[in-house]
Amino acid sequence: MSVIYGRAFAGLLFDMDGTLLSSVASAERCWSRWARDIGLDPADVLAIMHGVRAVDTMRRLGVANPEGEAARLTAIEMEDVDGIVALPGAVTFTAALPANRWAIVTSAPRELAERRLAAAGLTPPAIFVTAGDITHGKPAPDGYLLAAERLGVDPAACLVLEDAPAGIAAGQAAGAHVLVLTATHGTPLQTDCVMVPDYAGLAPVVEAEGIRIQIG
């Protein structure tokens, strides 16, 4: 059995989109609208926008004023939360976690992250790292390192829960163990990490030394 199911973790660090909730339909509608507005092919944009900060995608696309365009995209996304839902079991799983043992690390701006969590019926944790809190977004480890620091734990003693290649790389670069959620993926990920579809078959067991992930 994987070490993920055999040890207690000092902290659980969650990505948001695709990991705690499904926002794929909303995000792709918004990015497609934005791409068409500035004359880009939506298919080209959708191929690179998942799992990273919008401003980093804008820079990769070479658009003028990437910060301004990222803000314009966020305004579009704030208006469209249709179809955003929590992954199966996510609400129950996170509700069972002690406030000082878990965090969210998302590439979304804080205002958008809070809106999506509310739409999905999820309560934000006390430790909540968003796009504006860091200089280097995923796949850089900065967000996960900051979350571990704010929890007061060693990143190597944490479990990162992710769904996208950039986030998986960020978790690994931080020195954490990584569990991959696959519910929102149409095609299998190429990764050596342990994968589960969602939280329906998982339960957190809170112990003095940390949190164990129990199957079933």
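This note goes through a predicted model in numbered points, from its sheet to a cluster of aromatic rings.

1. Because the model is predicted, local features need pLDDT of at least 70 and side-chain atom pairs count only at pLDDT 80 or more, while totals for chains, interfaces and linings use all residues. Residues are numbered from 1 along each chain as its sequence is written, and side-chain values use heavy atoms, with hydrogens and water left out.

2. An open sheet of six strands runs in the order E5-E4-E1-E6-E7-E8 with parallel pairing; strands (E, at least two residues) and helices (H or I, at least four) are DSSP runs numbered from the N terminus, and two strands pair if DSSP finds at least two bridges between them. Strand E5 (127-129) and strand E8 (194-196) stand at the edges with a single partner strand each, so one side of each has no neighbour in the sheet.

3. Within the sheet, strand E1 (residues 11-14) and strand E6 (residues 158-162) run parallel and are joined by four bridges, with Gly 11 standing opposite Cys 158 in E6.

4. The largest nonpolar core has 33 residues, of which Leu 12, Phe 14 and Tyr 199 touch the most other members. Such a core is a set of buried Ala, Val, Leu, Ile, Met, Phe, Trp, Tyr and Cys residues joined through side-chain atoms within 4.5 Å, where buried means under 20% relative accessible area, exposed over 50%, and partly exposed in between (1.4 Å probe, protein chains only). Among the elements that give two or more residues to this core are E1, helix H5 (90-95) and helix H6 (110-120), and H6 gives the most, with four residues.

5. A search of the whole structure finds five aromatic pairs; rings of Phe, Tyr and Trp (its six-membered ring) pair if their centres lie within 6.5 Å, and planes under 30 degrees apart count as stacked, over 60 as edge-to-face and the rest as tilted. The ring centres of Phe 14 and Phe 93 are 6.2 Å apart and their planes stand at 75 degrees, so this pair is edge-to-face. The pair links distant parts of the chain, since Phe 14 in strand E1 and Phe 93 in helix H5 are 79 residues apart.

6. Phe 14 is buried, with a relative accessible area of 0%, and Phe 93 is buried as well, with a value of 2%. Phe 93 also forms a tilted pair with Tyr 199, at 5.1 Å centre to centre and 45 degrees between the planes. Ring pairs link Phe 14, Phe 93, Trp 102 and Tyr 199 into a cluster.
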